[in-house]
Amino acid sequence: MVHSTSPSKLLLAGAALVALGACNLSADEERALTGAAIGAGGAVILDGDPLVGAAAGAAAGALCDDAGVCK
């Protein structure tokens, strides 16, 4: 059975995974790569589009320190 996951759920799941997984990394590029991997994996688990998950995860990872989440 195939069902779709809303983009907002996918974005929220990706952001949560990035916040948990990428905070100990020092460079924006490292967090972006980690976020992309976690976001793509989360999308697969949630039956979403891995490219959308990777994009959301990369953005969240690169910007999490600027938002004050990862310090």
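I count a residue as buried when its relative accessible area is under 20%, and as exposed when that figure is over 50%. The entries below concern a predicted model.

Entry 1: I looked up which residues sit opposite the buried side of α2. I found that this face carries the exposed residues Leu33, Ala37, Val44 and Ile45.

**Entry 2: the buried side of α2.** I then listed the buried residues of the helix. They are Arg31, Ala32, Gly35, Ala36, Gly39, Ala40, Gly42 and Ala43. Viewed down the axis of α2, these buried residues fall within an arc of 160°, so I record them as lining one face of the helix.

**Entry 3: the length of α2.** I checked the span of the helix against expectation. α2 has 18 residues, and its first and last C-alpha atoms lie 25 Å apart, close to the 26 Å expected at 1.5 Å a residue.

**Entry 4: the packing of α2 and α3.** I looked up how α2, residues 28-45, meets α3, residues 50-63. Their axes are 6 Å apart and the packing angle is about 145°. I noted the crossing of α2 past α3 as right-handed. On the α2 side, the contact is made by Asp28, Arg31, Ala32, Gly35, Ala36, Gly39, Ala40, Ala43 and Val44. α3 contributes Pro50, Gly53, Ala54, Gly57, Ala58, Gly61 and Ala62. Sorted by class, the contact of the two helices comprises 9 nonpolar, 5 polar and 2 charged residues.

I compared this contact with the two faces of α2.

**Entry 5: Asp47.** I asked what follows α2, and found Asp47, with a positive phi. Asp47 lies in the loop between α2 and α3. Its phi is near 60°, and I noted that this positive value occurs in a residue other than glycine.

**Entry 6: the whole protein.** I closed with the overall architecture. The protein has 3 helices and 0 strands, and its pattern along the sequence is α-α-α. Of the 71 residues in the protein, 27% are buried. I also looked up the range of the contacts: among those with a separation of 6 or more, 51% are between residues 24 or more positions apart.

Note on methods: Residues are numbered from 1 along each chain as its sequence is written. This is a predicted model: local features need pLDDT of at least 70, side-chain atom pairs count only at pLDDT 80 or more; totals for chains, interfaces and linings use all residues. Side-chain values use heavy atoms; hydrogens and water are left out. Axes are lines fitted to C-alpha atoms, for helices over the stretch in contact, and angles run from 0 to 180 degrees between N-to-C directions. Helices (H or I, at least four residues) and strands (E, at least two) are DSSP runs, numbered from the N terminus. A crossing is left-handed if the near helix is turned anticlockwise from the far one by less than a right angle, and right-handed if clockwise. Contact means heavy atoms within 4.5 Å. Ala, Val, Leu, Ile, Met, Phe, Trp, Tyr, Cys and Pro count as nonpolar, Asp, Glu, Lys and Arg as charged, and the others, Gly among them, as polar. The expected span of a helix is 1.5 Å times one less than its number of residues. Buried means under 20% relative accessible area, exposed over 50%, partly exposed in between (1.4 Å probe, protein chains only). The arc is that of the directions from the helix axis to the C-beta atoms.
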